[in-house]
Each structure stands twice: as C-alpha cells, then as structure tokens.
Amino acid sequence: MAAASNPVELGASWGPARPEPPPTRFHRVHGANIRVDPSGTRATRVESFAHGVCFSREPLVPGQVFLVEIEEKELGWCGHLRLGLTALDPASLAAVPEFSLPDLVNLGHTWVFAITRHHNRVPRNGQPEAEAEATAPRRPPALLAEPYLCIEQFRIPRDRLVGRSRPGLYSHLLDQLYELNVLPPTARRSRLGVLFCPHPDGTADMHIVINGEDMGPSARGLPAAQPLYAVVDVFASTKSVRLVQLEYGLPSLQTLCRLVIQRSVVHRLAIDGLHLPKGLKDFCKYE
C-alpha cells in the first residue's frame, strides 16, 4: 500500500515547498466491463450498465482534485455517474464489486455518492440545519470575476474545473451554461471532481465539485492519515469519462495566452480567422 498523505497546514499552498501532485491516471484494477485506454486517462464501459467501477492509480494528496469529464452517454439506462473516495487499496481487492453503491461501500472505509447537485451536503456536528443551509454553496461567479475556487484551505484555478461545449457558432452561449452550472450535473461534457481536505484532528472532509462549483462537504471524518483513492463508477447512462489535468500553482503562460485569446472572440470558431499558428488555434479551440 502506498504511503499515507502527509499532514497539510491550514492555508498551505502549492509551491516549491509543496510540489504540485503528479498527473492523475486510472488504476489497472477496475470493473469487468471497463476498458481503460493506453494512456490511462479514459475509461469506457463496453457493455451492460454495471461493473463500471474505476479507481485512481495512486492515492490522492490533500487538495488534489480527481477530475473527470463525461464524454459519452448511453440512452436506455436509469442512473448516472457515481463518485467518491475509498481507503481500500484497489490492488488488495479479491474482486471489484459490481456496483460502488452499495457493494463497494458495504466493504467499509468507502464514501461514494450518486451525482446530484445538492443532496449530499452534510452539516458539522451540532450545526443547526438552518445555519448549514445559509452556508451552502451559491451559484458560482463568472471565471473573470473569480478565477479560483476556494475549498477550505485550498485555492484551485477554476478554468479547467468547468465543462466546455464543442466548438461551434453557439459555443459561447453553451459555455456560459457550464460556467453558471445550470445544466444537469451529469450532462455530456460536464466536469466532476472529488478531493479531500484534512483537519488538525487527523480527519478529513470529502468535497465533490461540479463544473467549478463546490457542493460542500459530502462526508466528514475520513481518515486523513490513510491513503485515499478516488472512486469513479461509470454507471448506467454514463458510458465514458476522461481525466482532466489541473494546474495548481500559477497558471502557465500557455494557459494565460489561451484565456486572453478566448475572451477576445465572440465564439471559438472565430479563432480560425486569427493570424496565429495552427497549433495555438487548436489549443485555444479545444482546451
């Protein structure tokens, strides 16, 4: 089993003293109906509606978001993607359960939720329900107004957390729907992430992020000293997902150039008319 995550001080940030986490990949252990591509970044359920449980290859580090984008949907099934964390080492499982809910959860040390927008927020012990409602997440601000998502002690750039439509004449309108998080949370090209935030008492809160909006703590009291793996259940109407890599420190020059170019055109197809290298145009249209 991999080493446990090191404690993180409140207010800790990514930098020289705390390097950014490595790129995320899917584990070689997964459900019987899952096929992972050679890069380890795309998982597809090839038949039926179950046996679609996947894990992160490595345990997450505190504040690291395991972020997936829904690439394909399949009509005819009832239910959607499920997401969470487990302290079980996937390599130690005798067999991957058919379902994350309830099968994997029933093995213990696992916290998984079906993706909906608001059902999974849990108040702190002793916190009145009305107070919990008052502190619940609100509609996310525009990326220009607030480029970072703050979750407890972590500050994460929102740019890649938000889903984006395919390039087209109306992509600028559709992109706003993802940015405002008004589409169904499991719509095609929505981006969904899970992370944990440790506390000084040795426990951690699990947070689920939908298109750049923190849904609040969905589970509390997780063992922060144990390795925690991400769980993604490619279930029912969700057929295929791909991993999205994040920049945790200062944005790269490439990312800053992309943002400036995208904000200077009406829609992404207009980028083709700019006097820029083709590689940069493609990066600005599709990333």
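Q: Why is Phe235 called buried?
A: Phe235 has a relative accessible area of 7%, and buried means under 20%, with exposed over 50% and partly exposed in between (1.4 Å probe, protein chains only). So Phe235 counts as buried.

A word on the source: this is a predicted model, where local features need pLDDT of at least 70, side-chain atom pairs count only at pLDDT 80 or more, and totals for chains, interfaces and linings use all residues. Residues are numbered from 1 along each chain as its sequence is written, and side-chain values use heavy atoms, leaving out hydrogens and water.

Q: What makes Phe49 partly exposed?
A: Its relative accessible area is 30%, which falls between the limits of 20% and 50%.

Q: Why is the pair of Phe49 and Phe235 called edge-to-face?
A: Rings of Phe, Tyr and Trp (its six-membered ring) pair if their centres lie within 6.5 Å; planes under 30 degrees apart are stacked, over 60 edge-to-face, and the rest tilted. Here the centres are 6.1 Å apart and the planes at 70°, so the pair is edge-to-face.

Q: Where does the charged end of Arg155 sit?
A: Over the ring of Tyr148, 3.9 Å from its centre.

Terms used:
A charge sits over a ring if NZ of Lys or CZ of Arg is within 6 Å of the ring centre and within 35 degrees of the ring normal.
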